[in-house]
Amino acid sequence: MNQVLDTIAARRSHRAYAPTQLTEEQIQILLKAGMDSPSAVNRQPWHFTVVQNQALLKEINQAVWEETMKQNPENRSPRFADPNFDVFYHAPTVIFISADKENYWNHMDSGIACQNICLAAESIGLGTVILGMPRAAFQNEKADQFRKALLFPETHEFTIAIAVGTPTDHKPAHLPATDRISFVR
Ligand SMILES: Cc1cc2nc3c(=O)[nH]c(=O)nc-3n(C[C@H](O)[C@H](O)[C@H](O)COP(=O)(O)O)c2cc1C
């Protein structure tokens, strides 16, 4: 009977999407949720880049693959065993968050904005998955090219990305690990 709590409980990561593009109104709702987020000293150190250019996402995916294949296979996500694995799960829209490198809380603030966007998406019937893997593309030789193509401000670095769309997979939300709580009273 509480829509906020219901939305938090219902959200889960979706890894398959219909090609249906988001409406402009949906995009604006997600961006407002991001911008409404709290941030340390209200610095709002983030920048949101809404990407619907599938050719660019394909190129970034390729760079993530190149970098990930350099890693020890034991440290690599098992998803890379599938040669068709797309780090963006073919989502019609991916929101990249970049944030001011000099800001001490840039990753924390980006994470909070990221979750606000995910919850907003869930509340309007869209699905999301938070994406840390694209970070590898910014270790690639094409990193500067990607930063420019994604219109990151000069002072900013990649912090996180979010794939958004109409989900086509069905899995219940994860079970909470209730043993990870202590009370000191
Ligand atoms: C910081 C962060 C980075 C993540 N990066 C990825 C990613 O690159 N690819 C992916 O498939 N899932 C990624 N996830 C999603 C997690 O795997 C997912 O949240 C977790 O398994 C719990 O499942 P749930 O979101 O369905 O509750 C990421 C989540 C977080 C919080």
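The following questions and answers concern the predicted model shown above.

Residues are numbered from 1 along each chain as its sequence is written. Because the model is predicted, local features need pLDDT of at least 70 and side-chain atom pairs count only at pLDDT 80 or more, while totals for chains, interfaces and linings use all residues.

Me: How many bridges join strand 3 to strand 4?
Reply: Strand 3 covers residues 127-131 and strand 4 covers residues 156-165, and the two run antiparallel. Within strand 4, Ala163 stands opposite Val129, and Val164 stands opposite Thr128. The number of bridges is five.

Me: How many of the ten residues of strand 4 are buried?
Reply: A residue is buried if 20 or more other C-beta atoms lie within 10 Å of its own, exposed if 12 or fewer, and partly exposed in between, with C-beta atoms placed from the backbone. Strand 3 is mostly covered, with four of its five residues buried. Strand 4 is largely enclosed by the rest of the structure, because its buried residues number nine.

Me: At what angle do helix 1 and helix 4 pack?
Reply: Helix 1 (residues 3-10) and helix 4 (residues 106-123) have their axes 9 Å apart and pack at an angle of about 100°. Helix 1 is therefore roughly perpendicular to helix 4, a class that spans 65 to 115 degrees, where angles under 35 are roughly parallel, over 145 roughly antiparallel and the rest oblique. The contact (C-beta atoms, placed from the backbone, within 7 Å) involves Thr7, Ile8 and Ala10 of helix 1 and Leu119, Glu122 and Ser123 of helix 4. The packing angle is about 100°.

Me: How many residues of the shell around the ligand are charged?
Reply: The ligand is surrounded by Arg12, Ser13, Arg15, Val129, Ile130, Leu131, Gly132, Met133, Ala173 and His174, a residue being near if its C-beta atom, placed from the backbone, lies within 6 Å. Ala, Val, Leu, Ile, Met, Phe, Trp, Tyr, Cys and Pro count as nonpolar, Asp, Glu, Lys and Arg as charged, and the others, Gly among them, as polar. The shell has five nonpolar and three polar residues, and its charged residues number two.

Me: Where does Gln44, which has a positive phi, lie?
Reply: Most residues other than glycine have a negative phi. Gln44 has a positive phi of about 45° although it is not a glycine. It counts as partly exposed because it has 17 C-beta neighbours inside 10 Å. Its place is the loop between helix 2 and strand 1.

Me: What is the phi of His90?
Reply: His90 lies in the loop between helix 3 (54-70) and strand 2. With 18 C-beta neighbours inside 10 Å, His90 is partly exposed. Its phi is positive in a residue other than glycine, with a value near 55°.

Me: With which residues is Gln26 in contact, leaving aside its neighbours within four places in sequence?
Reply: Gln26 belongs to helix 2 (residues 24-35). It is partly exposed because 18 other C-beta atoms lie within 10 Å. Its contacts, leaving aside neighbours within four places in sequence, are Ile124 and Leu126.

Technical notes: Contact = placed C-beta atoms within 7 Å. Pairing = 2+ DSSP bridges. Axes fitted to C-alpha atoms, helices over the stretch in contact; angles between N-to-C directions.
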